[in-house]
Amino acid sequence: MSSVAKILVVDDEEEILENVSRILTSEGYACSTLQDSTRFREVRAEVQPDVLISDLRMPGADGMTLLAAARADDPALPVILITGFATISSAVEAIQEGAFDYLSKPFSMDQLLVAVERAARHRFLLQENRELREEVERGVGFSRVIGSSASFTRILDQVRRVAPTDANVLLTGESGTGKEVVARLLHDTSRRAKKPFIPVDCAALPDGLLESELFGHEKGAFTGAVTRRKGLVEDAGGGTLFLDEIGEMSMPMQAKLLRSLEQRQVRPVGGGRLIDVDVRLIAATNVDLQAAVRGGSFREDLYYRLNVVHLELPALRHRKDDLPLLSGHFLSEASASSAKPSPTIARDAWAALERYRWPGNIRQLRNVMHRAVALDDDGEVRLSDLPEEIVAGSGGLGLSGTAAETGSIGPAALPGDLPLDYQVAKDLAMQWFMNAYIHRLLDAHQGNVTRAAEAAGVSRRTLHRWMAEYRDEAALEDEA
C-alpha cells in the first residue's frame, strides 16, 4: 500500500493493547491505543484511523456502541471486533451491523495481521476509487501516474527531471508496460504541454505510407495525392512527436528520420523545399535496439540520437506492490463507464492475481478488470470469474513427485477425490495447490517467513495472508 495505515486499538486490558500495538508497529503500521472507550469519538477525530480494532465487551462503551459511532462518523472505516466470549450469534450480529471482521481471543499474530491487512487494503482502495471517480468526472486522465512501487517511483522521478528539457527520450520495456502513458506524461509536464502530442505507430504503416504520414506530401506526388498535405512532424510543431515501435522502422526510413532530426527540417514527399520544424522526439520500443544495432537492422547513429535519455519501464511482475492501486483504478474506470458499482475482489481471486506473472502487463490487467466488471452480477470478483490462464498461471510451482520433476500438472499431480463438477473441482484444486506450495516454501527455508517471502517474490504480509487462508496448520518459525 502506498501510505502507512493508521490503526486505532480500543481495549480495556492494557496487556492486549501493548501486544497488539507491538505486533502492528513491527509490521510498519502507525498504531494508537485507547483504554477508556468513553473517549472514543474524541480520540478517533484526533487520530483519523484507517482501521479500528475494538474489544466487544468493555466497561463504559462496548464494541457494538463503538461500531455504531464509527459508522456514524466515518461510514467507510473498517472495524474489526475482538472478544474472548465469541459466539456465532455475536459474530453474525457484528457483521450485520457493519463490522468488517471478527476475531476470537486468543488469536494468533497471523490472524491479526491478515485481518488488518485486508481492512487497510479495503480502506485505501475505497479512497483510491473515490478519488479516481472524481478524476473521471472532471475528465482528467489519472491512470498515467498510478503506482507507488520503488521501480515505478524511480521512473516518475526521472520523468520529473527530464520533462522540462528538450532532450530526446527512448522508452523501452515489454509490450503493455505503459510506454505511451509515460510519453504523454513527459509531454503534459513539459513546457510544450499546450502544443500537440502526436503519436505514430511505426509498425502499422508500410514505408511509403509512413514517409508520407511523417513528412507530408505535395500535390501529385503519387496517385491519389490530389492536394498538398502536411506531415505529422509538421503537425507536432512546438509539441511532441511520439514514435511507437521505432524498432520496426526499415533502414531506409531510419536514414530519412535521422536526416530530419539532424537538420530539424522535413522534406515532403514529391517536394523540393525543406520545412523547418520544432519538435521534441520520444521513441518507444519493446525490441533490444542495441542487439538490433549489432545485428545490422538498426542504425547506430540513429540509436544514439534517440537514446539521449533512456527510461526502462518495469514489467508488472516487477512492480506487484502496485497491483492494488492499478486494479482499483481499472475497476473504477470500468464501473464509471458502465454505470455499475465497483466490485470487490475475493481473497482467493486476489491471491491468483498476485501469483500471476502478467505477460501482457498493465494492458492485460486493465482488460481483466474491465472483463470482471462486465461479467459482475453480485458485487464480488471470485476466482471463478478470472480468465483460465490466470487461475492456472502458477504452473507446477510447489508440487512434488512427478509434477515437480516435469514442471507440469497432470492427473497424478492432483488430489484423487476431486468432484466432477468443474467449478468445485477447480476451487478445491487451488486450495490444495496453495497448501502444498506454502508447505514446500516454508520447509525450504526452515519456517522463516521473511526468507520464504523473498524467495516467493511476494511481501511478508502477502505470505502471512496466504498462510492464514490456505495452510492446514500454523506452526512456523518467525525470524528473530
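**Reading the packing**

Reply: Let us begin with a charge and a ring: the charged end of R319 lies over the ring of F152, 4.0 Å from the ring centre. Please bear in mind that this is a predicted model.

Me: Are Y303 and Y304 buried or exposed?

Reply: Y303 has a relative accessible area of 7% and is buried, whereas Y304, at 52% relative accessibility, counts as exposed. In the other pair described, Y356 and W358 are both buried.

Me: How are helix α8 and helix α10 placed relative to each other?

Reply: Two packed helices are described by the angle between their axes and the distance between the axes. Here the axes of α8 (residues 207–215) and α10 (residues 251–263) come within 11 Å and cross at roughly 15 degrees. The two helices are therefore roughly parallel to each other, and α8 passes α10 in a right-handed crossing.

Me: Which residues of α8 meet α10, and what covers the buried residues of α8?

Reply: From α8, D207, L210, E211, L214 and F215 meet M253, K256, L257 and S260 of α10. The buried residues of α8 are L210, E211, S212, E213, L214 and F215. Their cover includes β7 (197–201), α9 (232–235), β8 (240–244), α10 and β9. Just after α8, G216 adopts a positive phi of about 80 degrees.

Me: Where is V266 found, and which residues does V266 touch?

Reply: V266 belongs to strand β9 (residues 265–266) and is buried, with a relative accessible area of 1%. Leaving aside residues up to four places away in sequence, V266 touches F215, V233, S260, R273, L274, I275 and V277. V266 and F215 are 51 residues apart along the chain, and their C-alpha atoms are separated by 5.8 Å. F215 is also among the α8 residues that meet α10.

Conventions: Residues numbered from 1 in each chain as written. Predicted model: local features only at pLDDT ≥ 70, side-chain atom pairs only at ≥ 80, totals over all residues. Heavy atoms only, no water. Buried < 20%, exposed > 50% of the residue type's maximum accessible area, 1.4 Å probe, protein only. Lys NZ or Arg CZ within 6 Å of the ring centre and 35° of its normal. Helix = DSSP H or I, 4+ residues; strand = E, 2+ residues; numbered from the N terminus. Contact = heavy atoms within 4.5 Å. Axes fitted to C-alpha atoms, helices over the stretch in contact; angles between N-to-C directions. Parallel < 35°, antiparallel > 145°, perpendicular 65-115°, else oblique. Left-handed = near helix turned anticlockwise from the far one by under 90°.
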